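Look over the sequence and the model first.

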Amino acid sequence: MHPISSKHALWGLAMYGAMTLAPAWALEAPPKSAEALRELAIAYEHGESVARNPEQARQLYCESARLGDAQAQYNLGWMHANGRGGPRDDVAAAYFFQAAAEQGLPQAQRMLTVVGGPTKEVPECLRSAPVNDDGAQAGVPGINYEAIAPRHILKLVQKLAPRYQVDTQLALAIMAAESNFNTQALSPKNAQGLMQLIPETSERFNVRNPFDPAQNIRGGLTYLRWLLAYFQGDVALVAAAYNAGEGKVERYKGIPPYQETRRYVKRILHAVGSTFHPFDHKITRPSAVIVSPPSR
């Protein structure tokens, strides 16, 4: 159902040395790269230069899928749909096909219809993943925006952010990631201005001219204040929701398994230097994703 390349499998294995049987260290400490995990999973699934082990392939695919690799998500969906490496599970297959389809794999969209369509049920292999597995190094912020942000934008954020109970560093980190401080930024999805507000968000927070810096910043800060309350100060979830939408965070019960979103979350956490941000309980009820606030 999915193309297998011997060259790719051998490339992945070459990174860890030639081997003829599944080594213990490969089971205990798989490589961190999503792409390398996927290549090793392919080798285990098909027995290319290692002993065939579909169960181990599923585990490695799941690690890669968690890191947002769309091809691993598709391959794992295929294994679940066909009962390879374990019992057939169309619900789990649908989850992985859906994630891969949302990242642009057309074959995943076709397979999603075969197994019954979208699902909100998170597969077992992902349920133990911590929500903040993209966590930041504890300590000081990782970027000094005072040295790189345009002065007039910096002063606006410093003036407005405290009014919305949003830390200046978080606001600047989102702005830098979204537009690189370009007041006229326009994305292919029609996200507009400094904080890349889509028209629906502008309307939701009463932004009439998203290309006006002050209006755009106010709209973005209002949204961040709401997200902070909704996700109980969890900066990783707030960043994920700003990038992919709070609906996607709800659906996946945490950071969506998209490489773009995971890179975005890591960038924000690095810039902010903390996984927790104070929030106003009165703004909105908490999301169902939240069990308890992240530790400070």
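## The disulfide

The model is predicted. The torsion about the S-S bond of cysteine 62 and cysteine 125 is about 90 degrees, so this disulfide is right-handed. The two sulfur atoms lie 2.0 Å apart, within the 2.5 Å cut-off for a disulfide. The count for the model is 1 disulfide.

Where do the two cysteines sit? Cysteine 62 belongs to helix 4 (residues 54–66), and cysteine 125 to helix 8 (residues 124–127), so the pair ties together parts that are 63 residues apart in sequence.

## Exposure of the two cysteines

Cysteine 62 has 2% relative accessibility, so it counts as buried; the cut-off is under 20%. Cysteine 125 is partly exposed, at a relative accessible area of 31%.

## Helix 9 against helix 12

Helix 9 (residues 151–160) packs with helix 12 (residues 213–230). Their axes are 10 Å apart, and the angle is about 45 degrees. Helix 9 is therefore oblique to helix 12. The crossing is right-handed.

Which residues make the contact? Helix 9 supplies Ile153, Leu156, Val157 and Leu160. Helix 12 supplies Pro213, Ala214, Ile217, Arg218 and Leu221. By class, the contact of helix 9 with helix 12 holds 8 nonpolar residues, no polar residues and 1 charged residue. Arg218 of helix 12 is part of this contact, and Arg counts as charged.

Notes
Residues are numbered from 1 along each chain as its sequence is written. This is a predicted model: local features need pLDDT of at least 70, side-chain atom pairs count only at pLDDT 80 or more; totals for chains, interfaces and linings use all residues. Side-chain values use heavy atoms; hydrogens and water are left out. Helices (H or I, at least four residues) and strands (E, at least two) are DSSP runs, numbered from the N terminus. Buried means under 20% relative accessible area, exposed over 50%, partly exposed in between (1.4 Å probe, protein chains only). Axes are lines fitted to C-alpha atoms, for helices over the stretch in contact, and angles run from 0 to 180 degrees between N-to-C directions. Angles under 35 degrees count as roughly parallel, over 145 as roughly antiparallel, 65 to 115 as roughly perpendicular and the rest as oblique. A crossing is left-handed if the near helix is turned anticlockwise from the far one by less than a right angle, and right-handed if clockwise. Contact means heavy atoms within 4.5 Å.
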